[in-house]
Amino acid sequence: MVFWEGYVSDEVMGTFAPIVVYWLYAGVFQLLPPLDNYRLHTRKEEYVKNSVPLSSVIKGVLLQQLVQAVVAHLLFLVTSETNLVGTEIQPSLPVQIFQIIIAMFVMDTWQYFVHRYMHINKFLYRHIHSQHHKLVVPYAIGALYNHPLEGLLLDTVGGAISFLISGMTARTAVIFFCFAVVKTVDDHCGLWLPGNLFHIFFQNNTAYHDIHHQLHGLKYNFSQPFFPIWDKLLGTHMPYDLIKRPEGGFEARLSKD
């Protein structure tokens with residue numbers, strides 16, 4: 001039993017809930033006060049280094065989400081196993097948890113290799129992936145600011161493959177995709193807030209991904225959005241130290257170890 005049962009279908013929730021969650025969670029960061037003591041970059045750096053205005057970022061994200069919604073709707077339409085009374089049999093909770101874990105590893109694998117190739121291939125980087133790196137100083141709303149083709153290949157196709165291989169139902173997919181969205185937004189928020197559970201339980205976090213957005217880290221820390229496994233296995237892991245800046249805030253510097 002879920003709170004939307006009887007109001008909208010699992011397929012509709014799976015299509016639109018991740019979009020709503022994205023704007024709610026990213027919106028919270030956008031409405032927060034400056035929080036200079038917890039920023040990984042100063043506000044001046046964000047203004048100077050980022051080469052794309054917020055309005056363009058919002059338009060880019062909305063375009064990607066439109067494509068995601070269309071693909072998700074078609075995917076659920078093809079894979080739905082709703083029975084004659086209009087419901088789909090749900091697996092047990094342990095099975096659903098296992099499916100989510102499988103989906104996390106599948107998504108990480110897909111995104112690592114596609115993401116890394118977009119850096120290795122100079123044409124793809126220059127004409128496609130560089131759009132995301134116009135945000136040298138990441139912020140929450142820009143988490144899904146990508147070239148439309150990258151958004152399709154990296155996020156949309158990656159999500160579809162994770163869904164299909166894990167064998168999850170549309171109801172389980174609601175939880176998985178919403179969680180993936182929240183994690184991705186958090187990784188781009190640019191804040192190192194105390195008590196953030198993502199920073200506690202995931203090595204692949206805000207500071208980890210911030211390194212990748214900097215010039216010295218472009219060829220490292222490709223893993224996203226959950227675990228740094230592929231980076232560590234394939235030699236693209238760049239460890240960092242969080243240094244407290246005298247004027248307030250933190251800086252993720254390359255580790256001396």
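**View 1. Strands S1 and S2 pair in a predicted model.** Strand S1 (residues 240–244) and strand S2 (residues 250–254) run antiparallel and are joined by five bridges. Two strands are taken to pair if DSSP finds at least two bridges between them. Leu242 faces Ala252 of S2. Five residues separate the two strands of this hairpin, and Gly248 in the turn has a positive phi of about 115 degrees. Helices (H or I, at least four residues) and strands (E, at least two) are DSSP runs numbered from the N terminus. The model is predicted: local features need pLDDT of at least 70, side-chain atom pairs count only at pLDDT 80 or more, and totals for chains, interfaces and linings use all residues. Residues are numbered from 1 along each chain as its sequence is written, and side-chain values use heavy atoms, with hydrogens and water left out.

**View 2. The largest cavity and its lining.** Two or more lining residues come from each of helix H1 (10–31), helix H3 (54–79), helix H4 (93–120), helix H6 (148–166) and helix H7 (170–187). H3 gives the largest share, seven residues. By class, the lining of this cavity has 17 nonpolar, 15 polar and three charged residues. (Ala, Val, Leu, Ile, Met, Phe, Trp, Tyr, Cys and Pro count as nonpolar, Asp, Glu, Lys and Arg as charged, and the others, Gly among them, as polar.)

**View 3. The largest pocket.** The volume of the largest pocket is about 320 Å³. Among its 18 lining residues, Phe29, Gln30, Arg39, Glu46 and Tyr139 lie nearest the centre. H1 and helix H2 (43–49) each supply at least two residues of this lining, which divides into twelve nonpolar, three polar and three charged residues. (On a 1 Å grid over the protein atoms alone, a cavity is a set of points where a 1.4 Å probe fits but cannot get out; a pocket is an open set with protein on both sides within 12 Å along at least five of seven lines; lining residues have an atom within 4 Å of a point. Points are joined across faces, edges and corners, and a volume is the space filled by probe spheres set on them.)

View 4. Residues 12–32 are 95% helix and 0% strand, with end C-alpha atoms 30 Å apart. For residues 52–76, the chain is 92% helix and 0% strand, and the end C-alpha atoms are 35 Å apart.
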